[in-house]
Amino acid sequence: MDIDKMRFEHLMVERDFACAASTLRCVFWNIGQWKDIWCPVDTVYVNYDDGCHQEFEMRVQWSGRQQHVRTVRLLTEAGDILFFCPTPPFNLVYQSGLWAFQDCANGCRVRAERWFIPRMQKNQEMDRFKNEFKQRLIELLLRISDSVVE
Amino acid sequence: MIESSIIIKSDLQSVFDAFYHLPHWVNVLHDVIDVDLQYDDGTHQVFTMTVVRPSGMETVRGIRIADKHVSITLCQTTPPPGFLKMHGYWYFTPAAEGVFVRAVRDVKWVEPEATGKREGNLRDCLTRNLITFKEHLENGH
């Protein structure tokens, strides 16, 4: 698979948080705690984590079924978290993405971006899938925002 | 940081591809006897590699991320025996005579007291591999 030769879809969601980027970056990196924050996450098993590189397996409830996702993440020198999925969700051929953190006046802004290749071909299915995917990202950012406030 | 570098008289794409395409390494480096590329999307790789060492066979597991024609970043999630951490980079820079390749390793040892000798051995290994890639790319060996 060479993504240069494939057409991939793109999503972006942003949200402001009332805390420092460094605080939030830790919440996003500590993937083992996500099951306490976001209810679709059933289990997380971290295979490797040296603080800059991380590999984990996650079982999540998406689209009405449990899915097994394997993800590798990299913390960049700029403080962003990049990732790719050697085992993406079942309805994706490919997924990569990033969490970008930027301090701003009253806290920080998080930008979530996703690049993916869905298995479905029909435009109607694709539109519905992209909408659900975007809503899921918005919901995740909301849940993380709640957990930081608590 | 431990590093070594070399100039390879070839074009940037050929040099980058030779270092990126891990399954090809068994044809280049005599001590690499098996590569299992579990994932490769053209930018990200997950692999296991088995190499022959004087002490026996070693199998490492790692991830690599490419910035095409610029660099390859390595993290071994299962490093070789004796290493707590093995991170690395290859940087590729066009030069007048070909491509300047710089290999860098950031490591932590299980037994830090023996660091000096082991650093020397690792640097020698990096240099040997760069020379082997150079010979392969320039002469087809």
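Two strands are taken as paired if DSSP finds at least two bridges between them. In these terms, Tyr39(B) stands opposite Val46(B) in S3(B). Helices (H or I, at least four residues) and strands (E, at least two) are DSSP runs, numbered from the N terminus. The structure is a predicted model, in which local features need pLDDT of at least 70 and side-chain atom pairs count only at pLDDT 80 or more, while totals for chains, interfaces and linings use all residues. Residues are numbered from 1 along each chain as its sequence is written, and chains are lettered from A and ligands numbered from 1 in the order in which they are written.

The model scores ipTM 0.84 and pTM 0.88. For pLDDT, the predictor's confidence in each residue on a scale from 0 to 100, the mean over chain B is 93, and 99% of the residues of chain B reach 70 or more.

Chain A contains three helices and seven strands, which follow one another from the N terminus as β-α-α-β-β-β-β-β-β-α. The radius of gyration is taken over C-alpha atoms, and the globule rule is 2.2 Å times the number of residues to the power 0.38. Chain A has a radius of gyration of 15 Å, which agrees with the value near 15 Å for a compact globule of 150 residues. The C-alpha trace of chain A spans about 40 × 30 × 30 Å along its principal axes. A residue is counted as buried if 20 or more other C-beta atoms lie within 10 Å of its own, as exposed if 12 or fewer do, and as partly exposed in between, with C-beta atoms placed from the backbone. Of the 150 residues of chain A, 17% are buried. Contacts are pairs of residues whose C-beta atoms, placed from the backbone, lie within 7 Å. In chain A, 46% of the contacts with a separation of 6 or more are between residues 24 or more positions apart.

The seven strands of the chain A sheet have the order S1-S7-S6-S5-S4-S3-S2, and this open sheet has antiparallel pairing. Strand S1 (9–17) and S2 of chain A are the edge strands, each pairing on one side only. Neighbouring strands are turned against each other by 20 degrees on average, direction ignored. Axes are lines fitted to C-alpha atoms, for helices over the stretch in contact, and angles run from 0 to 180 degrees between N-to-C directions. S2(A) and S3(A) run antiparallel and are joined by seven bridges; Thr43(A) has Arg59(A) in S3(A) as its bridge partner. Helix H1 (residues 21–29) of chain A packs on the sheet, where it touches S1, S4, S5, strand S6 (92–104) and strand S7 (107–118) of chain A, and its direction makes about 155 degrees with that of S6(A).

Chain B has two helices and seven strands, in the sequence pattern β-α-β-β-β-β-β-β-α. The radius of gyration of chain B is 15 Å, close to the 14 Å that the globule rule gives for 141 residues, so chain B is as compact as a globular protein of that length. The C-alpha atoms of chain B fill a box of roughly 40 × 30 × 25 Å, taken along the principal axes. Buried residues make up 22% of the 141 residues of chain B.

In chain B, seven strands form an open sheet in the order S1-S7-S6-S5-S4-S3-S2, with antiparallel pairing. Strand S1 (2–8) and S2 of chain B stand at the edges with a single partner strand each, so one side of each is left without a neighbour in the sheet. The twist from one strand to the next averages 20 degrees. S1(B) is joined by seven bridges to strand S7 (residues 98–109) of chain B, and the two run antiparallel; Ile2(B) has Arg105(B) in S7(B) as its bridge partner. S2(B) and S3(B) form a hairpin with three residues between them, and Gly42(B) in the turn has a positive phi of about 95 degrees. H2(B) lies across S1 and S7 of chain B, running at about 15 degrees to S1(B).

Between the chains, 14 residues of chain A are in contact with 13 residues of chain B.

Definitions and conventions. Two residues are in contact if their C-beta atoms, placed from the backbone, lie within 7 Å.
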